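Hi,

Here is the structure I said I'd pass along.

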Amino acid sequence: MEKSLDTIVAWAKRRGFAYPGSDIYGGLANAWDLGPYGTEIKRNIENIRWKYFVQEKDDVIGLDSQILMNPKVWEASGHVWGFSDPLVDCKKCKSRERADKLIEDYITRKFVSELSATKNWESKNMDKEFEKNDKTALNYLLEKYWIQNLTPEAWTFEQQTAVLNWEKVKCPKCWSCDRTEPKKFNLMFKTQQGIVEWEGTDIYLRPETAQGIFVNFRNILDTTRSRIPFGIAQIGKSFRNEITPGNFMFRVREFYQMEIEYFVENDEKVGLAAFEDWKNLSKKRWKEEIGIKEENMRFRDHDKDELSFYSKGTCDVEYLFPRWWWELQGIAYRTDYDLKQHMQHSGKDMQYNDPYTGKRYVPHCIEPSRWLTRAILTALIDAYDEEKYTDWNGAEQTRIVARFHKNVAPIKFAIIPLLKKDEKIVGFAENLYKKLSKQYMCEFDDSGNIGKCYRRQDEIGTPYCITIDHQTLEDGTVTLRTRDDMKQIRIKPEEITL
């Protein structure tokens, strides 16, 4: 079925997955609070990932570094000087936009208008056409007009300015071409550390969790028995002062990341092999962890012209959102760049002493970095479905059902007493709820109408509903109803498992 982001947003708010931030005060632009069910989805995703990579694997350990770090960290990483976006202001309507996003929007509009004039294509067919040719709309027109294999985000300041003027790119709000020249804008949130206002030291809210891993590399070597190859995992919040946030939770200023820095021998052949291993593992884990449909995912390797100067390989894991393919995860072979930068700026030795060969070297690093907030959004979009069915009266009905993978579903079992006025039925249901809640996240629902209970549980994605009725009191069995096919069977409570 065709899904719109507006439909997902309305459903998410209605059913308690996510609420607009500061809602009673009119909200805050693109700030979203996770509701009760969204919080459970987040916990499920991060717990599954932590269990597999840290608990079950013997070559990855965990870390929880601070959000606020010494500002020299961000000087060494290049964020202070290089982590900025060029902005332009429309002189007519006063709106402010990122230069690269203006160009990307223009390219997409131009592509659609050109094809519409020659072929009667629907938007969904355009996606198929590009996949067949292994091109995106952006690369298609870049080859035609400007530079091959580079996105506008990677263009120089001068190139962006020239293209805006050359193509007379219009403001998306008022369609004026009268704008200021691009100005650089740092994406890091700045605050101050100190007790006297305006007299403290400037520090930043971290824009990524990775640097906390790199600056603790030496400490981890000194305090653990870690040997190359090994990884360090971290899950936490990051902050970016996005100029044009939007698309629900996809681009927000406050978000969660799940990052791993995996350190290997300083040999490019070894690094590239590890890079491929992490790509293959990521394909497997996205499906096994949260059950994303394979047809909605793709792995896009960066061309050499797209790579950062220190990178030997980068691959984006992309998901087909309602409007376009967007990035969920970046897998990058970052070589020894980060550790060498911190070694140079701090004066601390970041070399690894190999106990088997006696070699001392700065390890290379593979970074399979995931956006946890985007993973939550992806789980919501992938699960949402509207299904036609025939009720017991023979009438055709439509139900909204969230087909979450059982690992992700916020509620695993809903326990429903058929008659809330019958003390024995309610008592049996309460005891079963207490028992199952020790192992699973459950919900007790005695609101009455069994049909409405089922519809509500379908809409929040509960895999199983357990109904307690008069037969339960007779033979000890309960009705187990499955979400996806709505089938019902009688089962003994001790046989219930996820």
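**What I found**

Helices (H or I, at least four residues) and strands (E, at least two) are DSSP runs, numbered from the N terminus.

Before you dig in: this is a predicted model, where local features need pLDDT of at least 70 and side-chain atom pairs count only at pLDDT 80 or more, while totals for chains, interfaces and linings use all residues. Residues are numbered from 1 along each chain as its sequence is written, and side-chain values use heavy atoms, with hydrogens and water left out.

On confidence, pLDDT (the predictor's per-residue confidence, from 0 to 100) averages 86 for the protein chain, and 87% of the residues score at least 70. Over residues 130-135 it stays under 50, and the model has eight contacts beyond four places in sequence for that stretch. Where pLDDT is low, the predicted coordinates should not be read in detail.

Back to the sheet. Seven strands make an open, mixed sheet, ordered β3-β9-β10-β16-β13-β12-β11; two strands pair if DSSP finds at least two bridges between them. β3 (60-62) and β11 (297-301) are the edge strands, each pairing on one side only. β3 runs parallel to β9 (residues 230-239), joined by three bridges, and I61 sits opposite I232 in β9.

Now the packing. Buried means under 20% relative accessible area, exposed over 50%, partly exposed in between (1.4 Å probe, protein chains only). F404 touches, among others, W11, I41, A379, L380 and R483.

α13 itself is mostly covered, with 12 of its 12 residues buried, including R374 and D382. Its length checks out too: at 1.5 Å times one less than its number of residues, the helix should span 16 Å, and its end C-alpha atoms are 16 Å apart, which agrees.

Cheers

Definitions and conventions: Contact means heavy atoms within 4.5 Å.
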